Amino acid sequence: MKRLFSSNFYVAAFMAAGLMLSSCAKDKNGERLIFSIEDDIALGNQVAAQTDSIYRSKGQLLELNDPRPNVQAAYAQINKIVDKILTSDQVSYAQEFGYEVKIIHDDNTLNAFATPGGHIYVFTGIIKKLDNEDQLAGVLGHEIAHADRRHTSKALERQYGLSVLLSILLGENQNQLVEIGAGLATLKFGRDAETEADFYSVEYLGDTPYTCDGAAEFFKKMQDEQQAGKPPVFLSTHPNDEDRIKAISDKAIADKCVKPVQQSSVSDYQTLKNNLTL
Ligand SMILES: [Zn+2]
């Protein structure tokens with residue numbers, strides 16, 4: 001009897017069925033993505049290595065093993081803030097992603113961004129514009145939310161296509177990886193993703209000593225810069241308006257987690273800024 005299908009057909013059908021099965025499983029956020037958490041982590045590691053090399057070549061990346069005591073102290077302080085945020089049970093992938101912050105020494109750029117899988121980059125420009133740890137916690141919470149809610153993976157998939165991302169995971173398409181690394185600092189999310197990141201920045205800070213509207217205070221600072229004629233890069237990817245600030249404040253009030261900023265949050269933050277005067 002003539003065979004109707006080649007063995008390749010069966011292999012392809014089997015793989016497609018596997019993909020469909022895996023894509024039927026919901027992630028911890030209750031969403032169905034073909035891209036797995038392991039894919040997020042693997043792509044994130046590759047994109048972070050690429051991002052590191054971009055800022056390293058400009059002499060701007062503060063290495064995690066930088067021997068200067070003030071740089072070590074700055075990393076220790078930021079990691080302590082991140083650890084407080086990660087105690088929130090609202091962070092779905094605290095264990096899997098690990099969440100690692102890297103500081104980029106560029107006082108003129110007001111920006112922060114995240115790769116898939118939880119690598120967060122913060123520019124000294126943004127750190128130096130803020131007044132206390134609570135405001136920085138608001139920014140970090142917002143960026144952690146972009147990774148944790150997997151916005152970065154979804155945005156990259158939309159922009160480059162799933163097959164390109166999968167080929168990068170297979171070690172192919174290195175040119176695209178370079179392009180993704182270069183574009184990450186100005187990657188735009190949809191309005192829904194931004195609203196969700198703002199929402200979770202409030203949720204995450206609810207379980208910390210920080211006031212959970214830290215992101216609202218942060219956005220006010222960015223707005224001040226814009227009005228002073230110095231539009232921050234962060235606002236080019238984060239349309240800022242009164243509605244956004246009000247939504248964060250309203251949620252914090254509704255959640256009853258608006259707290260007075262502690263004196264130590266202000267004095268410790270001054271120490272952080274001093275340590276980053278390089
Ligand atoms: Zn954002």
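The link of Cys212 and Cys257 is right-handed, with 80 degrees about the S-S bond. The structure holds one disulfide, a term for a pair of cysteine sulfur atoms within 2.5 Å. This is a predicted model: local features need pLDDT of at least 70, side-chain atom pairs count only at pLDDT 80 or more, and totals for chains, interfaces and linings use all residues. Residues are numbered from 1 along each chain as its sequence is written, and side-chain values use heavy atoms, with hydrogens and water left out.

**Disulfide**
- The sulfur atoms of Cys212 and Cys257 lie 1.7 Å apart.
- This pair links distant parts of the chain, 45 residues apart.
- Cys212 sits in the loop between helix H10 (191-205) and helix H11 (214-227).
- Cys257 sits in the loop between helix H13 (242-254) and helix H14 (263-275).
- Helices (H or I, at least four residues) are DSSP runs, numbered from the N terminus, as are strands (E, at least two).
- Cys212 is buried, at a relative accessible area of 0%.
- Cys257 is buried too, at 7%.
- Buried means under 20% relative accessible area, exposed over 50%, partly exposed in between (1.4 Å probe, protein chains only).

**Zinc site**
- His142 (NE2), His146 (NE2), Glu194 (OE), Glu194 (OE) and His238 (NE2) coordinate the zinc ion at 1.9 to 2.6 Å.
- Donors are N, O and S atoms within 2.8 Å of the metal (3.2 Å for Na, K and Ca); water is not among the atoms, so sites may look incomplete.
- The donor residues follow the sequence spacing H-x3-H-x47-E-x43-H.
- Glu194 in helix H10 and His238 in the loop between helix H12 (233-237) and H13 link distant parts of the chain, 44 residues apart.
- Both Glu194 and His238 are buried.
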